[in-house]
Amino acid sequence: MKKITVTGAAGLIGRSVIKNLLNRNHNYHINAIDIVEDSLFKDLDEKRFIYYKGNCRDFEFIDSIISKSDAVIHLAAPASFLMYKEDPIKSTMNTVESFLNIMESMKKHNVQKIVHASTSAVYEGHPVPYSESMQIDPPDLKALSKKVNEEIGEQYARSYGITSIAMRPFSVYGDYEGKKGGYANITSLFVWAMISGEIPVVWGDGKQTRDFIHADDVAEAFALALEKDIKTQPLNVGIGIETSFNEVIELINNILKKQSKPRYVPIPIDIYAIRLLSDNKQVEKVLGFKPKISLQEGLERMIATAKVKIKKEKELAKKQMYFETLR
């Protein structure tokens with residue numbers, strides 16, 4: 001049985017990755033790591049899944065788990081670029097130190113492959129669509145931290161033969177983002193507000209675009225990167241379609257059969273992406289990856305989940321006002 005360590009297991013992507021691995025191959029055993037408990041894991045088969053609560057910055061802790069692993073999927077890091085603005089030292093140290101601990105432990109125990117989450121933010125400042133061949137100059141600490149990790153991975157690949165695949169997800173959305181509160185994907189913030197009868201709040205004019213990709217599609221890309229025999233490299237993980245915030249609100253209105261009008265507010269931060277779009281040619285060529293979940297389907301799934309726990313959503317609806325603390 002192949003033992004895979006998954007860090008950031010309780011996050012949006014982490015939960016989808018674990019579900020994907022357990023469903024696709026009965027020869028996988030998952031060592032899951034996160035700093036928080038997660039009740040969504042309580043029903044998983046203990047013969048194929050172990051949950052460890054701990055911090056990847058603790059070398060002895062992470063080393064004890066990687067010592068009994070065959071490969072690593074590393075997702076643990078501050079979830080939003082806003083966290084890096086609010087606490088730049090802690091967020092940056094969390095990102096880089098955690099990754100370096102993992103690479104050192106992999107070297108020590110001869111673990112030969114890691115698939116880790118970088119970010120599409122490394123491309124900001126370039127025209128869309130973003131492709132892996134672009135020369136990048138990260139504009140903020142989140143992007144810079146992730147780029148540093150990519151370069152650390154490349155160095156360990158050259159020096160110790162560890163294959164390090166840096167996945168660059170675009171705008172990842174999906175169910176169960178409640179723990180992220182105001183840091184959640186904009187689709188979650190809109191759904192929480194609109195299902196609760198609140199007015200969705202939009203930064204700017206709503207014409208800004210994102211390449212929205214469902215967490216389950218992202219998980220499939222990570223699983224393929226784990227399984228395929230490929231060299232160290234970065235890979236985009238997007239759907240290859242631009243959608244504006246105004247269009248997202250229109251889609252949610254259609255699903256809910258509402259006519260909610262957004263409230264537009266000034267963009268409260270200095271660095272902010274106006275367009276995001278992935279060039280998927282490389283990831284399709286290397287992994288054979290093609291996303292399957294349309295934004296329409298993904299939003300329908302989110303709304304169906306939200307309706308089951310509507311009382312909680314009414315509390316979460318207030319989280320869209322988080323931006324007021326950024327002024």
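## An enclosed strand and its aromatic pairs

Strand β6 (residues 163-169) is largely enclosed by the rest of the structure, because seven of its seven residues are buried. The model is a predicted one. In a regular strand, side chains alternate between the two faces of the sheet. Both faces of β6 are covered. Thr-163, Ile-165, Met-167 and Pro-169 are buried on one side. Ser-164, Ala-166 and Arg-168 are buried on the other.

β6 pairs with strand β5 (residues 113-117) in the parallel sense, over five bridges. Here His-116 stands opposite Ala-166 of β6. From β5 the chain passes through helix α5 (residues 141-160) to β6, and this β-α-β crossover is right-handed. Strand β11 (residues 233-237) also runs parallel to β6, joined by five bridges. Val-237 in β11 is the bridge partner of Pro-169.

The whole structure holds seven aromatic pairs. Two of them are set out here.

| Pair | Centre distance | Plane angle | Class |
|---|---|---|---|
| Tyr-156 and Tyr-160 | 5.3 Å | 50° | tilted |
| Phe-190 and Phe-245 | 6.1 Å | 85° | edge-to-face |

Tyr-156 and Tyr-160 are four residues apart in helix α5, so about one helical turn separates them. Tyr-156 is buried, at 7% relative accessible area. Tyr-160 is partly exposed, at 41%.

The phenylalanine pair of Phe-190 and Phe-245 links distant parts of the chain, 55 residues apart. Phe-190 lies in helix α6 (residues 186-195) and Phe-245 in helix α8 (residues 245-256). Phe-190 is buried at 0% relative accessibility, and Phe-245 is buried at 4%.

Ring pairs also link Tyr-123, Tyr-130 and Phe-170 into a cluster. Arg-210 lies over the face of Tyr-272, 5.1 Å from the ring centre.

Definitions and conventions:
Residues are numbered from 1 along each chain as its sequence is written. This is a predicted model: local features need pLDDT of at least 70, side-chain atom pairs count only at pLDDT 80 or more; totals for chains, interfaces and linings use all residues. Side-chain values use heavy atoms; hydrogens and water are left out. Buried means under 20% relative accessible area, exposed over 50%, partly exposed in between (1.4 Å probe, protein chains only). Helices (H or I, at least four residues) and strands (E, at least two) are DSSP runs, numbered from the N terminus. Two strands pair if DSSP finds at least two bridges between them. A crossover is right-handed if, with the strands pointing away from the viewer, the path from the first strand over the helix to the second runs clockwise. Rings of Phe, Tyr and Trp (its six-membered ring) pair if their centres lie within 6.5 Å; planes under 30 degrees apart count as stacked, over 60 as edge-to-face and the rest as tilted. A charge sits over a ring if NZ of Lys or CZ of Arg is within 6 Å of the ring centre and within 35 degrees of the ring normal.
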